[in-house]
Amino acid sequence: MKIQERTGAGAGRSAAPAQPSVGDRLPAPPRERKPALAALAVLLILVGALGATMLVLRAGNRVEVIRLTGDVQAGESISDSKITSVMVNDDSGAAFVPWSQREALKKLQAKSTLYKGTVLVGQMFSAKSDVQQGKATVGVSLKEGQYPNTLKPGDSVAVYRVSSSSSSGSSSGSSSSSNSSGDSPLVRHAVVSDVKRSSGDVISSTNLPVTLTVDASDAPALAQAASNGEVAVVQIPGN
């Protein structure tokens with residue numbers, strides 16, 4: 001009787017699904033190491049940190065420069081009423097004029113018209129020319145015999161109207177007009193600003209290009225006579 005009970009109890013136990021013990025679990029496969037991915041992750045972190053550092057450095061590398069608050073015409077200099085300071089990033093390679101150099105910049109003149117809002121760079125300015133208010137520069141082309149051989153920049157000269165072969169042959173009226181001035185100079189006083197003498201063995205023209213600085217009121221008549229080749233210069237006292 002006891003044997004049957006035990007057998008029945010054992011049969012009941014065998015019907016239940018067997019549960020694996022802790023020691024019977026299958027071992028987990030080892031994790032595969034990927035050194036390339038790890039190195040890439042480290043590289044990306046370094047690149048990100050470097051980029052952030054560069055942004056911070058660029059944001060901090062700012063300089064105080066000059067910006068125009070009004071237009072400056074060609075040949076003019078800046079004034080305190082037409083400039084202000086502005087901060088810019090000094091990473092563009094442009095030669096910005098520092099605010100600390102504004103007094104030195106006043107001694108220069110604009111090469112061309114500069115407009116309000118322009119941030120100034122050094123290439124926009126050059127040394128002041130000798131042309132003063134009320135003066136003008138006129139270019140003349142002088143033939144041999146119409147200028148002294150010793151003519152040089154800085155000389156004081158007078159300009160006379162002379163007859164040209166082309167104008168004298170065109171009509172008698174124009175010829176008499178060019179001779180009507182007599183001994184009276186076309187320009188009583190002019191200063192030689194530049195003389196372009198030919199260099200080398202090859203001479204492309206026998207004319208001598210000369211730049212004269214004259215009173216602005218004398219410039220129109222001188223320019224007209226020069227275009228017709230009807231001017232000659234002589235040195236006068238004051239050189």
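A nonpolar core is taken here as a set of buried Ala, Val, Leu, Ile, Met, Phe, Trp, Tyr and Cys residues joined through side-chain atoms within 4.5 Å, where buried stands for under 20% relative accessible area, exposed for over 50% and partly exposed for anything in between (1.4 Å probe, protein chains only). The structure is a predicted model, in which local features need pLDDT of at least 70 and side-chain atom pairs count only at pLDDT 80 or more, while totals for chains, interfaces and linings use all residues. Residues are numbered from 1 along each chain as its sequence is written, and side-chain values use heavy atoms, with hydrogens and water left out.

The protein chain has a mean pLDDT of 76, pLDDT being the predictor's confidence in each residue, from 0 to 100. A pLDDT of 70 or more is reached by 66% of its residues. Residues 166–181 have pLDDT below 50, and in the model this stretch makes 10 contacts beyond near neighbours in sequence, a contact meaning heavy atoms within 4.5 Å. Where pLDDT is low, the predicted coordinates should not be read in detail.

Six helices and nine strands make up the list of secondary-structure elements in the protein chain; these are DSSP runs numbered from the N terminus, helices being H or I with at least four residues and strands E with at least two. Of the 239 residues, 23% count as buried. Accessible areas come from the Shrake-Rupley method with a 1.4 Å probe, and for residues only the protein chains shown count as cover. The accessible surface of the chain comes to about 16,400 Å², with 55% of it belonging to carbon and sulfur atoms. Among contacts with a separation of 6 or more, 69% join residues 24 or more positions apart.

Val140 illustrates the arrangement: leaving aside neighbours within four places in sequence, Val140 is in contact with Leu208, Pro209, Val210, Leu212, Leu222, Ala226 and Val231.

Val97 sits in the loop between strand S2 (83–89) and helix H3 (102–105), and counts as buried because its relative accessibility is 7%. Not counting residues up to four places away in sequence, Val97 touches Val65, Ile66, Leu105, Leu120, Val121 and Gly122.

The structure holds six salt bridges, each defined as a side-chain nitrogen of Lys or Arg within 4 Å of a carboxyl oxygen of Asp or Glu. One of them pairs Asp215 with Lys135, with the closest N and O atoms 2.6 Å apart. Asp215 belongs to strand S8 and Lys135 to strand S5, so this pair ties together parts that are 80 residues apart in sequence. Both partners are partly exposed, Asp215 with a relative accessible area of 31% and Lys135 with one of 34%.

Another salt bridge joins Glu230 to Arg161, the closest N and O atoms being 3.1 Å apart. Since Glu230 lies in the loop between H6 and S9 and Arg161 in strand S6, the pair ties together parts that are 69 residues apart in sequence. Glu230 is buried at 6% relative accessibility, whereas Arg161 is partly exposed at 25%.

A salt bridge also links Glu103 and Lys106, with 3.1 Å between the closest N and O atoms. Glu103 is partly exposed at 48% relative accessibility, while Lys106 is buried at 19%. Together with Asp80, these two residues form a network of salt bridges.

Thr213, in strand S8, is buried with a relative accessible area of 12%. Its side chain makes a polar contact of 2.4 Å with the side chain of Ser193; a polar contact is a pair of N or O atoms within 3.5 Å, where within protein one must be able to donate a hydrogen and the other to accept it, and residues adjacent in sequence count only if both atoms are side-chain atoms. Beyond residues up to four places away in sequence, Thr213 touches Lys135, Ala136, Thr137, Ala190, Val191 and Ser193.
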